[in-house]
Each structure stands twice: as structure tokens, then as C-alpha cells.
Amino acid sequence: MSNRLAFLALALLAGCGGERAGSEAANDLSRDLQRVPVDSSATLGDHASSSGATVASEAMPVPAPKPKAPAPKPRPKPAPQPAPAPVVHALAAGATVSTAVDREISSKTDKPGQTVTSTVSADVRDASGQVVIPAGSRVTLTITEIHESENKGDKTGKLTLTPSSVEIGGTSYSLEASATALDRTLRDRKTNAGDVAKVGAGTAAGAVLGRVIGGNTKGAVIGGIIGGAIGTQRAVETQDRDVVVPAGSRVELTLHGAFIR
């Protein structure tokens with residue numbers, strides 16, 4: 001009898017335990033159904049377990065792509081700078097330019113209308129000290145008048161040089177100026193037919209004068225000698241002498257108008 005009562009007590013305890021287990025299982029199922037649904041498209045962080053089976057870890061959210069930074073705006077081009085004003089080089093009227101003639105000028109060989117050149121000897125500067133005509137520039141001059149000296153009283157003969165242009169750095173600029181040959185000289189020519197004719201004319205005149213005065217041949221001879229001496233003196237006094245400007249001689253230019261380049 002006592003054994004039967006113990007068995008019933010155990011049966012009752014087992015029934016109570018089963019009901020409690022069922023109730024707890026029902027509660028667990030209800031909680032699982034109420035969980036937030038998981039995005040099935042999310043990539044699962046599967047990894048292999050130590051036993052070789054693949055284990056699914058919790059899904060990792062895919063980060064949203066970062067927005068691209070806007071492209072930098074191109075820098076505006078700087079405004080073009082105005083061209084600098086051209087530098088003006090100028091000399092006032094009256095300025096002088098020292099040059100040296102490049103070849104000899106002679107009334108024996110040169111004629112009016114021919115040209116010669118001279119080289120600027122030193123830099124020519126304006127009032128501010130800027131070089132306007134640099135040394136080495138070439139000046140073109142025209143021989144407008146040239147004539148030998150025909151008598152002893154003429155100490156210079158005739159020579160006129162007119163500057164027309166100056167070349168600076170390969171560019172030619174016109175000049176309004178006059179030129180003076182500072183080292184001109186006179187060079188005696190050899191006796192020519194004209195000088196002999198002067199002597200002959202003097203001799204003939206003396207002979208005629210002697211005949212008239214003396215009335216005989218002796219007087220004519222004496223008169224001829226005297227006339228020849230007079231003719232020789234006349235020839236010396238009127239002997240032609242060429243105007244000469246040796247190569248390298250100084251030729252000074254004087255501006256008659258403003259020079260601008």
C-alpha cells in the first residue's frame with residue numbers, strides 16, 4: 001500500500017513538470033515570432049567552424065556609397081596685361097654727332113652726287129642720359145658740292161656734305177642735318193696743261209712788251225724772260241689744289257630738326 005502511494009506521487013510530479021515545460025516552449029515560440037524580420041538579401045558573414053561546417057554569423061549592413069566630391073571649378077584666366085608703351089628716343093635740333101669718315105674724299109676723284117659713309121664715334125644721349133644713337137652706327141652722306149682750290153688765296157676749296165640717314169641696329173632712320181669735315185686739307189696737283197699754258201701766256205706777253213719797248217730782238221728776249229717769270233709765278237699762284245678729307249678724319253653732324261626713333 002505504501003509503494004502504491006509513492007508511485008502516484010511521482011506520477012503527479014512528472015505531470016506537473018511536463019505542463020511547465022510545454023508552457024515555457026510556447027512562450028519561447030511566441031517571442032521568436034515577434035522578433036524583427038531580418039533582410040534576407042543582406043550578405044551573411046559565413047565562416048567555417050573548426051569542424052569544417054559553415055556557420056552563418058549575423059548579417060552585416062552594406063555601407064551606403066559616399067557622395068562624390070564636386071569637381072573643382074577651373075581658375076579664371078588672368079586678364080591680359082596691356083602692352084607696355086614703346087620707348088621713344090629723341091634728340092633735339094642742335095644736337096651734334098661725332099663721326100669718322102670711312103674712306104678718303106678728294107676733289108680729284110669724287111664728284112657731286114656721290115655718297116660716302118661715316119661711323120658714329122661715341123654714344124649720343126638724350127637729356128635723360130638714354131642712348132639715342134649708339135657708337136658704331138653708320139651715317140650716309142651725299143657729296144652735294146666739291147671743287148678744288150684754284151688759287152693761292154683759297155685755303156679750303158669747296159666741299160659740302162649732306163647727311164641723309166643713319167643706320168641703327170639694321171634699321172635706317174632719316175636725318176635732317178649738316179656735316180662739317182674738321183680735318184680737310186688741300187693737296188697740290190702735279191703741273192698740268194693748264195699750268196703750262198699760264199706760263200706760256202706770260203712769256204708771250206713779256207716778249208711782245210719787250211719788242212715794243214726795246215725795238216729789237218734783244219729787248220724781245222729780255223721781255224720774254226721777264227714774261228716767263230711772271231707766267232711761272234702766276235702758275236704757282238693759280239695751281240690747282242685738291243680738297244682732301246683723309247679716311248678716318250672727323251666729320252661732325254649738326255641736327256637741324258628733332259631726331260626720333
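Visitor: How many bridges join E5 to strand E14?
Guide: Two bridges link E5 with strand E14, residues 241-245, and the two run antiparallel. Bear in mind that this is a predicted model.

Visitor: Which residue in E14 is the bridge partner of Ser106?
Guide: Val244 is the bridge partner of Ser106.

Visitor: What's the strand order in that sheet?
Guide: The order is E5-E14-E13. The sheet is open, has three strands and pairs antiparallel.

Visitor: Which strands stand at the edges?
Guide: Strand E5 (105-106) and strand E13 (185-188) do. Each has a single partner strand, so one side of each lacks a neighbour in the sheet.

Visitor: Back to Val244. Buried or exposed?
Guide: Val244 counts as buried, because its relative accessibility is 0%, and the cut-off for buried is under 20%.

Visitor: What is Val244 in contact with, leaving aside neighbours within four places in sequence?
Guide: Glu104, Ile105, Ser106, Asp183, Arg184, Thr185 and Arg187.

Visitor: And how are Val244 and Thr109 placed?
Guide: They are 135 residues apart along the chain, and their C-alpha atoms are separated by 9.9 Å.

Visitor: Switching to the whole chain. How many helices and strands?
Guide: The protein chain has three helices and 16 strands.

Visitor: What percentage of residues is buried?
Guide: Of the 261 residues in the protein chain, 24% are buried.

Methods: Residues numbered from 1 in each chain as written. Predicted model: local features only at pLDDT ≥ 70, side-chain atom pairs only at ≥ 80, totals over all residues. Heavy atoms only, no water. Pairing = 2+ DSSP bridges. Helix = DSSP H or I, 4+ residues; strand = E, 2+ residues; numbered from the N terminus. Buried < 20%, exposed > 50% of the residue type's maximum accessible area, 1.4 Å probe, protein only. Contact = heavy atoms within 4.5 Å.
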